[in-house]
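Subject: Structure for you to look at

Hello,

Here is the structure I said I would pass on. Please open it alongside this message and follow the residues as they come up.

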2 protein chains.
Amino acid sequence: MRDTERDESIAAVRSFNRFYTRRIGVLRDGLLNSDFSLTEARVLYELAHAEGVTAAGIARELGLDPGYLSRILRTFERGGMVSRMPSPSDARQSILALTTEGRKAYAALDARSQADVAAMVDALPPDGRRRLTAAMRTVEAVLEGRGDGPRPILLRPNRPGDIGWIIHRHAVLYTGEYGWNAGFETLVAEIAAQFLAKFDPAREMCLIAELGDVLAGSVMVVRDSDEVARLRLLLVEPEARGHGIGRRLVEECVRFARGAGYRKLTLWTNNVLTAARRIYETAGFRLVSEEPHDRFGPPMVGQTWDLDLRP
Amino acid sequence: MRDTERDESIAAVRSFNRFYTRRIGVLRDGLLNSDFSLTEARVLYELAHAEGVTAAGIARELGLDPGYLSRILRTFERGGMVSRMPSPSDARQSILALTTEGRKAYAALDARSQADVAAMVDALPPDGRRRLTAAMRTVEAVLEGRGDGPRPILLRPNRPGDIGWIIHRHAVLYTGEYGWNAGFETLVAEIAAQFLAKFDPAREMCLIAELGDVLAGSVMVVRDSDEVARLRLLLVEPEARGHGIGRRLVEECVRFARGAGYRKLTLWTNNVLTAARRIYETAGFRLVSEEPHDRFGPPMVGQTWDLDLRP
DNA sequence: TCAATAGATTGCTTTTGTCAACTATATGGT
DNA sequence: ACCATATAGTTGACAAAAGCAATCTATTGA
């Protein structure tokens with residue numbers, strides 16, 4: 001990642017922190033003529049949602065000073081909202097629980113918060129609402145570190161719209177990353193359109209890779225002749241690289257081609273695509289011929305790779 | 001929008017509020033052994049970035065109590081960080097400015113915050129960073145209301161990748177909204193591939209509509225014969241409807257076709273696409289023939305519309 | 001010209017949060 | 001069994017943060 005991009009990220013995060021600090025302030029004001037402060041409300045929320053919680057647990061969860069929390073719990077207890085039960089496993093702890101009274105107070109608070117947020121959300125245009133929801137979930141996920149946990153990889157056959165996506169992404173990526181010209185988009189579009197028009201499910205296949213729940217890659221196997229299958233349009237999104245998606249896609253193609261009774265799997269690629277080259281080598285492909293060309297603008301070397309499918 | 005979607009939005013916003021309240025707490029802790037509280041830091045930021053600002057301005061901007069702010073400014077002034085100048089236009093106000101000392105203090109604070117955020121950002125995986133940045137910008141934009149202000153509409157010729165996008169969106173929308181089958185995607189892909197392969201810039205055109213900075217629609221004019229142009233693949237994203245984008249696209253096509261010397265502009269559509277029908281009628285097209293078909297699955301009526309381009 | 005209003009400040013008060021000390025229990029090692 | 005050390009929870013003392021109301025001055029609009 002370029003440094004300017006990093007700096008922009010930092011600036012965006014800082015801007016967002018300032019922005020949301022203000023919003024949290026508004027949130028606090030919203031509680032102004034309820035019976036609770038923002039911190040009390042947060043504690044109440046924890047009590048209502050984490051059954052059988054202890055004081056230390058809440059303090060850890062919310063990052064509160066134990067002394068401060070102790071006092072808040074005391075006022076709750078005096079107000080008849082919280083009951084304590086000595087923990088069976090640890091005599092130092094008490095298990096906290098909301099009383100009926102406490103639940104009622106929480107319900108009121110909850111309804112109020114719900115209404116406040118609903119008013120805000122309803123004021124948004126429908127697509128703004130959708131975008132907001134998705135964006136907030138993303139922020140949470142990324143910062144929680146859920147974002148860099150292993151997102152599930154899914155390989156599935158193409159669905160309506162996927163072929164267009166393949167063309168779209170090929171064109172955007174190769175013109176952007178390698179400066180290829182419109183000739184490439186034309187070639188991809190023709191290949192893709194042909195695939196749709198002449199699709200033979202027994203002997204042809206298009207696979208789409210999803211990482212998490214976003215499209216991350218594609219590949220096709222098409223019939224060249226009765227004996228020979230061709231692997232085409234292998235693509236892995238830059239953001240999804242490093243998960244072995246390319247390798248998995250090619251493996252599936254090999255398996256499919258073998259199962260469909262082909263004798264050979266061939267493919268055409270270009271020398272500048274070094275990542276792909278490595279995948280093909282690993283899968284057992286052999287480079288059989290090369291010829292320089294400039295069909296896509298910059299001069300490069302086209303390569304044909306073959307894989308013998310016989311056992 | 002379905003109600004469950006609204007409820008989910010509300011839940012997501014509330015969850016996010018809880019989440020970010022916690023983060024702001026961490027932020028505050030980060031300032032712990034600096035010389036400033038979070039609020040002081042925010043005031044300092046305003047002073048550093050909004051030149052010639054007044055106390056009331058800051059109070060409004062940050063939602064602070066004027067009395068509280070007054071005291072903060074006094075401590076800044078006593079610390080030699082802020083200077084006041086009587087406002088020339090309003091004798092009640094003072095124009096606030098940071099002294100050299102004040103700038104130095106801000107720079108230190110800024111560097112520290114920068115470093116903190118940088119550490120956090122650097123700990124993210126690269127694509128996480130990108131997603132975070134984009135998502136935070138989105139949240140800000142939507143909540144600031146920038147999201148529902150009039151987003152600029154832009155019509156432009158296609159760029160690499162757009163043709164794929166057109167296929168992608170046609171297939172997704174028509175299979176989703178009307179239950180059309182894969183035959184439709186095939187047709188669109190063939191039309192699009194043909195357009196790329198035989199493109200004649202003097203007599204053909206593809207227009208892409210952007211709303212804000214996202215793709216919102218498309219249309220093509222292709223040569224049918226020397227005398228007749230054909231309008232194809234008119235599409236407006238559901239989220240972008242109601243901005244007159246479809247009408248604008250068709251108008252541009254008519255203008256282009258006339259300028260390119262065609263005598264007639266024709267198009268083929270289907271009766272179920274009522275919104276498009278209205279656009280064609282408004283543009284002056286006349287329905288010249290109809291025939292029922294079920295090429296795309298559900299039975300419908302294909303329609304040919306013509307527009308005479310002669311003056 | 002005068003009432004209403006906005007900017008700024010101050011005294012007073014409450015709320016919120018921190019810190020350190022202390023008790024009681026738990027845990028792990030020898 | 002015993003001891004050092006750590007954790008749960010409480011309390012007192014205190015400091016920081018924030019809010020409220022009164023006040024003064026200048027501005028604005030009728």
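Predicted model: local features only at pLDDT ≥ 70, side-chain atom pairs only at ≥ 80, totals over all residues.

DNA strand D

DNA strand D is surrounded by 22 residues, and the closest are A:Ala56, A:Arg71, A:Arg92, B:Ser37 and B:Tyr68. If you take the atoms of DNA strand D within 4 Å of the protein, 67% of them are sugar or phosphate atoms, and the rest are in bases.

The side chain of A:Arg71 has an N or O atom 2.6 Å from a base oxygen of DNA strand D. The side chain of A:Arg74 has an N or O atom 3.0 Å from a phosphate oxygen of DNA strand D.

In chain A, helix H3 (55-62) and helix H4 (66-78) each give two or more residues to the surface near DNA strand D, and so does helix H4 (66-78) of chain B. The largest share, five residues, is that of H4(A). Sorted by class, this surface has ten charged, seven polar and five nonpolar residues.

DNA strand C

Sugar or phosphate accounts for 64% of the atoms of DNA strand C within 4 Å of the protein, and bases account for the rest.

A:Arg92 places a polar side-chain atom 3.2 Å from a base oxygen of DNA strand C. In B:Arg74, an N or O atom of the side chain is 2.9 Å from a phosphate oxygen of DNA strand C.

Which elements supply at least two residues each of the surface near DNA strand C? They are H4 of chain A, helix H3 (55-62) of chain B and H4 of chain B. H4(B) gives the most, with five residues. By class, the residues near DNA strand C are nine charged, eight polar and five nonpolar.

Regards

How values were computed. Residues numbered from 1 in each chain as written. Chains lettered and ligands numbered in written order. Heavy atoms only, no water. Near = heavy atom within 4 Å. Polar contact = N/O pair within 3.5 Å; in protein donor to acceptor, adjacent residues only side chain to side chain. Helix = DSSP H or I, 4+ residues; strand = E, 2+ residues; numbered from the N terminus. Nonpolar A, V, L, I, M, F, W, Y, C, P; charged D, E, K, R; others polar.
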